[in-house]
Amino acid sequence: MPTPVVSTTGRGLPRWDAAALVLACLLAVAGPDASAQLGVREMAGAPTYRELLHAGDVLLAYVQPSPADGLEGAALRLTERGRTRDISLEGSLTARLARGIGRVWWLPDARRAILHVDPAHDAAGLLIVDAATDRVIDAVIGRDLTPSPTGRHWAFEEDAPRHAAAWPNTETVYAIYDAATGAEALARACPTADDRCRGEVVFLPDRLALCHGIARERGGSCLVPGRLPRHARRSPFSWLSPSEVAWVDVDLTREEATLVLATVREDAPARVHTVPLERSRVIEDVDLPPVREAWRIDRITRDGDPSRVWLHFRTRVPQAPLQRLGIRLF
């Protein structure tokens, strides 16, 4: 598979077009009186143009004809083999909420552009632009959207709707999104009609499955107002390879911590391996810090030994004076 290309420009500042740049220079020379005569509104009305990625014969740029909030009126300008067309980025909740575009990935095999919007905000998003059909084929809202090294697979935590106060609608859901799969397989059944329920759910059940199970057990509704989520994540999503991602989940009710390793596969569900974080799994002769101490892990890494991983703690804990602990996987 050809290596996908990712932009390195980051969020960057929008560039004015040539006419706006000339106007700015004239105003700077003419002084404040000329600025007052022409009016600041004309300056602010300059269209936005910013190159996002240039890979071989593919050029991706962001264009917005007039100032607007978020991505209103914005388009992805795709130049491919000398042919240029603008693809509208509007039409989804993700685009309406977005304040800007961060990094961009190009998947040459799938001929798709992956736009990561608002990466620095709590609930970020993805826009999947298909070059074959010249349209946005899907949008995702998620927490901590984390790309694999190729940019094809994204691990994330499903964002809970702000208006929902009833558990299990607010329960933690982990998923992996394949940006190169068929459009019909991207979305899944969801209790909310928006861009949240995407990808393959791993380790924990999705909200609908959890709700149905609780309803069967209770013989009634699954909704419990005001109940806090039972699960929480204590680490970022760490891709150990282009196909394997790891993170640490804690069960707040049982006060148990679990290392989760999920491996994505072609034409098959992800393979999930769970490792209880208990003393017998620690390479050193120490206990894991108890869940109630609210420790955090900055990253998870591998070394040359495939039978273990390393947990790197954010701060020094008594059990890990070097701020890391080795975990046996098998």
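Strands (E, at least two residues) and helices (H or I, at least four residues) are DSSP runs numbered from the N terminus, and two strands pair if DSSP finds at least two bridges between them.

Threonine 146 has alanine 155, in E11, as its bridge partner.

## Basis of the values

The model is predicted, and local features need pLDDT of at least 70, side-chain atom pairs count only at pLDDT 80 or more, while totals for chains, interfaces and linings use all residues. Residues are numbered from 1 along each chain as its sequence is written, and side-chain values use heavy atoms, with hydrogens and water left out.

## Disulfides

A search of the whole structure finds 2 disulfides, a disulfide being a pair of cysteine sulfur atoms within 2.5 Å; with bonded cysteines counted along the chain, they follow the pattern 1-2, 3-4. One joins cysteine 190 to cysteine 197, with an S to S distance of 2.1 Å, and this link is right-handed, with 50° about the S-S bond. Cysteine 190 is partly exposed at a relative accessible area of 24%, whereas cysteine 197 counts as buried at 1% (buried means under 20% relative accessible area, exposed over 50%, partly exposed in between, with a 1.4 Å probe and protein chains only).

The other disulfide joins cysteine 211 to cysteine 222, at S to S 1.6 Å. Cysteine 211 lies in helix H5 (residues 207-218) and cysteine 222 in the loop between H5 and strand E15 (224-225), 11 residues apart. The torsion about their S-S bond is about -65°, so this disulfide is left-handed. Cysteine 211 is buried, with a relative accessible area of 17%, and cysteine 222 is buried as well, with 3%.

## Nonpolar cores

A nonpolar core is a set of buried Ala, Val, Leu, Ile, Met, Phe, Trp, Tyr and Cys residues joined through side-chain atoms within 4.5 Å. The largest has 24 residues, of which Leu60, Leu71, Leu76, Leu89, Ile101 and Leu115 touch the most other members. Among the elements that give two or more residues to this core are strand E3 (48-55) and strand E8 (112-117). Apart from it lies another core, of 23 residues, including Ala257 and Ile300.
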